[in-house]
Amino acid sequence: MSDGLENVVAAETVMSEVDGQRGVLIIRGRSLDDLAGRTRFEEVARLLFDGFFNDLPDDLTAALGAARAEVFGEVAALDTGLMDRSPIEAMRALTARLADGDDLATALRLTAAPAVFTAAVVRAQAGEAPIAPDPGLTHAADILRMTRGGTPTKAETEALDTYLVTVSDHGLNASTFAARVIASTRAGLTSAVVGGISALKGPLHGGAPGPVIDMLNEIGRPENARQWIEQALARGDRLMGFGHRVYRVRDPRADALKAAVRKLREGSNSQPARVEFAEAVEAAALAILKEHKPDRALDTNVEFYTALLLEALAFPPSAFTCVFAMGRVAGWIAHAREQVAGGRLIRPQSRYVGPAPLKAA
Ligand code: SDX
């Protein structure tokens with residue numbers, strides 16, 4: 001049995017290839033370099049959905065804008081019971097209210113849901129009224145507008161688009177596998193997406209970027225990095241933003257997102273300090289991980305510079321995983337449709353290692 005299904009090929013997919021040895025990510029035949037920083041989220045969502053919905057519009061921007069406006073009505077269910085939950089739990093609860101289905105309209109509502117509900121939850125938990133979507137905006141621009149109010153700059157919208165595109169799909173990661181298992185029972189897209197959100201929440205998966213900010217803030221200054229990291233590893237803690245089940249070299253998304261942070265912060269006075277400090281912490285972490293785990297290739301993963309980028313876009317760290325879901329939801333839906341189109345019920349075997357039944361007296 002492979003612990004954690006490591007290296008087990010559990011599905012064939014046209015969605016993405018994650019080459020862990022070369023550090024390469026390909027999404028529907030396009031390399032990450034070709035997509036990140038050059039494509040809007042709507043375009044990569046269309047790329048992922050292409051061939052799996054027969055009524056897919058050429059331009060998803062207007063259709064997704066209408067879907068945002070449609071799901072906003074569910075925000076009224078944001079009751080006091082959800083106000084003291086984490087943003088991802090509240091966003092999950094609101095998403096679970098959407099009817100299940102396998103059609104494009106359901107898929108568009110689910111693609112819109114993490115964005116609309118996270119914005120409403122973040123504002124409500126800050127004592128501010130939710131902002132209704134503007135269907136005329138692109139998805140990334142409206143996410144920033146609904147979350148922060150006001151009009152985002154072009155650079156901010158481009159930075160968020162880069163992030164959403166970069167994290168939109170990534171092979172059979174834990175949340176996408178969860179979504180495929182649920183889709184394989186023919187439960188429906190809402191069930192698959194809610195399962196994906198639940199798996200993404202974990203700190204070993206999509207729950208890592210928020211704690212990266214905590215780590216940077218606790219370290220505070222570059223000269224404190226070695227001691228803080230040594231103490232963390234001595235406690236048996238995992239360094240958030242490092243290591244990966246598949247990548248044995250640097251996660252290519254780390255550099256795509258680092259470039260996006262630099263571009264976003266060009267000209268701002270806070271950019272050099274924060275990114276250079278993060279680079280110093282990253283260098284210390286890589287050196288110390290190499291000392292402590294010489295036989296394990298532990299490199300920077302997508303979450304380290306995700307944290308810096310989402311911080312620069314003024315998302316609260318408690319909502320970073322929700323923003324991850326805003327991008328990854330396109331991958332979950334695409335994989336769910338692919339599973340239904342050509343896959344069987346996913347049901348592996350297990351080996352029983354429990355006690356034998358007691359012999360009858
Ligand atoms: C994502 O799969 C995907 O594609 C996921 C993702 C996606 O796009 O969907 O890329 C997104 O989830 C990125 C990863 C985000 N998580 C983190 O940054 C949390 C910190 N990283 C880890 O906990 C860890 O690296 C995992 C969970 C990501 C991968 O772990 P594995 O492959 O299960 O490896 P392991 O837990 O068996 O660890 C092997 C060894 C262990 O040491 P020993 O017990 O053998 O001595 O490496 C050590 C681990 O302790 N190790 C780390 C470490 N990661 C692994 N030690 C310190 N810090 C770390 N970050």
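Me: How do you know that the span of helix 13 (residues 252-265) agrees with its 14 residues?

Reply: In this predicted model, helices are DSSP runs of H or I with at least four residues, strands are E runs of at least two, and both are numbered from the N terminus. The expected span is 1.5 Å times one less than the number of residues, so helix 13 should span 20 Å, and its end C-alpha atoms, 21 Å apart, agree with that.

Me: What makes helix 13 largely enclosed by the rest of the structure?

Reply: Buried means under 20% relative accessible area, exposed over 50% and partly exposed in between, with a 1.4 Å probe and protein chains only. Ten of the 14 residues of helix 13 are buried, so the helix counts as largely enclosed; among them are Pro252, Leu257, Lys258, Val261 and Arg265. Of the 361 residues of the chain, 51% count as buried.

Me: Why is the chain called as compact as a globular protein of its length?

Reply: The chain has 16 helices and three strands. Its radius of gyration is 21 Å, close to the 21 Å that the globule rule gives for 361 residues, so the chain is as compact as a globular protein of that length; the radius is taken over C-alpha atoms, and the rule is 2.2 Å times the number of residues to the power 0.38.

Residues are numbered from 1 along each chain as its sequence is written. Local features need pLDDT of at least 70, side-chain atom pairs count only at pLDDT 80 or more, totals for chains, interfaces and linings use all residues, and side-chain values use heavy atoms, with hydrogens and water left out.
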